[in-house]
Amino acid sequence: MEWFERTKPYEADLIADLNQIVKIPSILDPNTQSDRTPFGVDMARALAKMEELAARDGFRYGRVDNMVTWIEYGPADAVETVAILTHIDIVPAGEGWLRDPFKPEILDGLYFGRGAADMKADLMSAYYAMKYLADHEITLTRKIRLIIGTDEENGWRDLPRYFGVEGEPTMGFSPDGAFPVVNGEKAFQTVQLRFANQTTGDYVLRRFIAGSRPNVVPGEARARVSVPNPAQVQNEFATYLAQYPFLSGQSEVRDQEVRLLLKGVQAHGAYPQDGENAGTYLANFLRRFAFNADAKTFLDFIGRVVHDDIGAENLGLRYHDDVMGDLTLNVGVMRFSQNGQGTILLNFRYPQGVNVQAVTTQVQRHLGDFAATVEVWPGGMEPHLVPETDELVGTLSLVYAKQTGMYMSPRTSNGGSYARLLKRGVAFGGQFPDVPVTSHQANESTPVANLTRSMAIFAESLLKLAK
């Protein structure tokens, strides 16, 4: 019997369990952080739900520092461990949803909900792959451990703590990427610009807000401006939007203040080409007006220097590596508040051959009149590459080829998964090549058929790696 035929009967139960996880808004919540809930109450609820499932299904499980839950199958005394590295935290829902992001629905063969693609569905497919092996009482030599983190979308403070307590697994994969095997992951680094917000004269930028995370392409931007002729700004804004059919927005006048809302296309910051950055487009529009002082340089930098420049060519950072590909840039967060302090967060993904010093130096060189300080955010990662000759890469590649009937060479990703924390770690699934990427976007979804399709690939892979 083919593996997909073996896993298909699990579909209804898998979906029922997935629904329970997606309904929990496991987003970093500073307001409910404590020693028992280091990333918020909802995150703790999500881990508890996974532990409830593990207890129901007879798995060994435990928790480390209230940050990571592990679930295990195989000989407890095994010397070697095959890890499945996952996370249960998600990015905020954002705007533009046609349905409640925390009330999962299936429509036209697609499973909708925040986390459907990144990565609760793949977490559940991996869990059920392990459950399949346990249900069939398959004997293993290595143990399998599903490791569930809670800080992947933010500071990666969880798995390093786990490794400090439990040690590093022998090898592993993270289903937080794409098929086929992703044996290379580019570096990611966020650079922060801080600056004063002085703005005077006839044109005053009172507030500008776009983005919430450096690793998300902002889908919405707002600005408040005081201008001599509000009607002119409104008319020109309507004309500007008409030039770009992928943008939408609205304007409102209160006294002499114009309030602008521009909507672009939200996307994962690892793939800025999949989105349309609402923040840089709004700045690109506003820079035509006679703002001065810090407002002028702020709008010029994000509306001209880094606008629509995902290769960072205007910063002198265009770079290509034959193995790992191109450097990319996402302008993830933009803040300006009159007479306060402003912030811009630039998220870079770069291959081997580039380093953080080169990135910060080039950003500093291209600030022009922008009196901003350049700081490196903590938590960046250097490039990661596992040789194609490694047993892990070869085994996963062959399983994927066997089950799909198509061999595809290992490749490099712009995204960052927990796999990079292991010396012998790769990303593997659950994004299939023929499925649009919806991670971090409104109306995030995954094909229902791929839930057990991924489960089948994971189950055979785990069997071969742990047998």
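Helices α10 (residues 391-404) and α11 (residues 449-466) have axes that come within 10 Å and cross at roughly 140 degrees. Helices here are DSSP runs of H or I with at least four residues, strands are E runs of at least two, and both are numbered from the N terminus. The model is predicted, so local features need pLDDT of at least 70 and side-chain atom pairs count only at pLDDT 80 or more, while totals for chains, interfaces and linings use all residues. Residues are numbered from 1 along each chain as its sequence is written, and side-chain values use heavy atoms, with hydrogens and water left out.

**Helix α10 against helix α11**

- α10 and α11 are therefore oblique to each other; angles under 35 degrees count as roughly parallel, over 145 as roughly antiparallel, 65 to 115 as roughly perpendicular and the rest as oblique.
- The axes are lines fitted to C-alpha atoms, for helices over the stretch in contact, with angles running from 0 to 180 degrees between N-to-C directions.
- On the α10 side, the contact (heavy atoms within 4.5 Å) is made by Leu-392, Thr-395, Leu-396, Val-399, Tyr-400, Lys-402, Gln-403 and Thr-404.
- From α11 come Arg-453, Ala-456, Ile-457, Glu-460, Ser-461, Lys-464 and Leu-465.
- These contact residues divide into seven nonpolar, four polar and four charged, where Ala, Val, Leu, Ile, Met, Phe, Trp, Tyr, Cys and Pro count as nonpolar, Asp, Glu, Lys and Arg as charged, and the others, Gly among them, as polar.

**Helix α2 against helix α4**

- Have a look at α2 (residues 11-22) and α4 (residues 120-135) too: their axes come within 10 Å and cross at roughly 135 degrees.
- That angle makes α2 oblique to α4, and the crossing of α2 and α4 is right-handed.
- Asp-13, Leu-14, Asp-17, Leu-18, Ile-21 and Val-22 of α2 meet Lys-120, Ala-121, Met-124, Ser-125 and Tyr-128 of α4.
- The residues of the α2 and α4 contact comprise seven nonpolar, one polar and three charged.
- Ile-21 of α2 is also among the contacts of Lys-49, which touches Gln-20, Ile-21 and Ile-24 when neighbours within four places in sequence are left aside.
- Lys-49 itself is found in helix α3 (residues 41-56) and is buried, with a relative accessible area of 16%; buried means under 20%, exposed over 50% and partly exposed in between (1.4 Å probe, protein chains only).

**The eight-stranded sheet**

- Eight strands form an open antiparallel sheet in the order β14-β15-β13-β11-β19-β20-β10-β21, and two strands pair if DSSP finds at least two bridges between them.
- At the edges are β14 (248-254) and β21 (372-376), each pairing on one side only.
- From one strand to the next, the twist averages 20 degrees.
- β15 (residues 257-263) pairs with β13 (residues 220-226) in the antiparallel sense over seven bridges; Glu-220 stands opposite Lys-263, and Arg-222 opposite Leu-261.
- β14 and β15 also pair in the antiparallel sense over seven bridges, with Gln-250 opposite Leu-261.
- Two residues separate β14 from β15 in a hairpin, and Asp-255 in the turn has a positive phi of about 55 degrees.
- Five of the seven residues of β15 are buried, so β15 is largely enclosed by the rest of the structure.
- Helix α7 (residues 278-286) lies across β11 (204-210), β13, β15 and β19 (328-337), running at about 25 degrees to β13.

**Val-191 in the sheet**

- Val-191 lies in strand β10 (residues 187-196) and is buried, with a relative accessible area of 0%.
- The C-alpha atoms of Val-191 and Glu-375 are separated by 5.8 Å, although these residues are 184 residues apart along the chain.
- Not counting residues up to four places away in sequence, Val-191 touches Ile-344, Leu-345, Leu-346, Phe-348, Val-359, Thr-360, Val-374 and Glu-375.

- Strand β2 (residues 68-73) is mostly covered, with six of its six residues buried.
- Val-68, Trp-70 and Glu-72 point one way from β2, and Thr-69, Ile-71 and Tyr-73 the other way.
- β1 (residues 60-64) runs antiparallel to β2 and is joined to β2 by five bridges, with Val-64 opposite Val-68.
- The β1 and β2 hairpin has three residues between its strands, including Asp-65, whose phi is positive at about 55 degrees.
- Five bridges also join β2 to the antiparallel β6 (residues 143-149), where Arg-145 stands opposite Glu-72.

Terms used
A crossing is left-handed if the near helix is turned anticlockwise from the far one by less than a right angle, and right-handed if clockwise.
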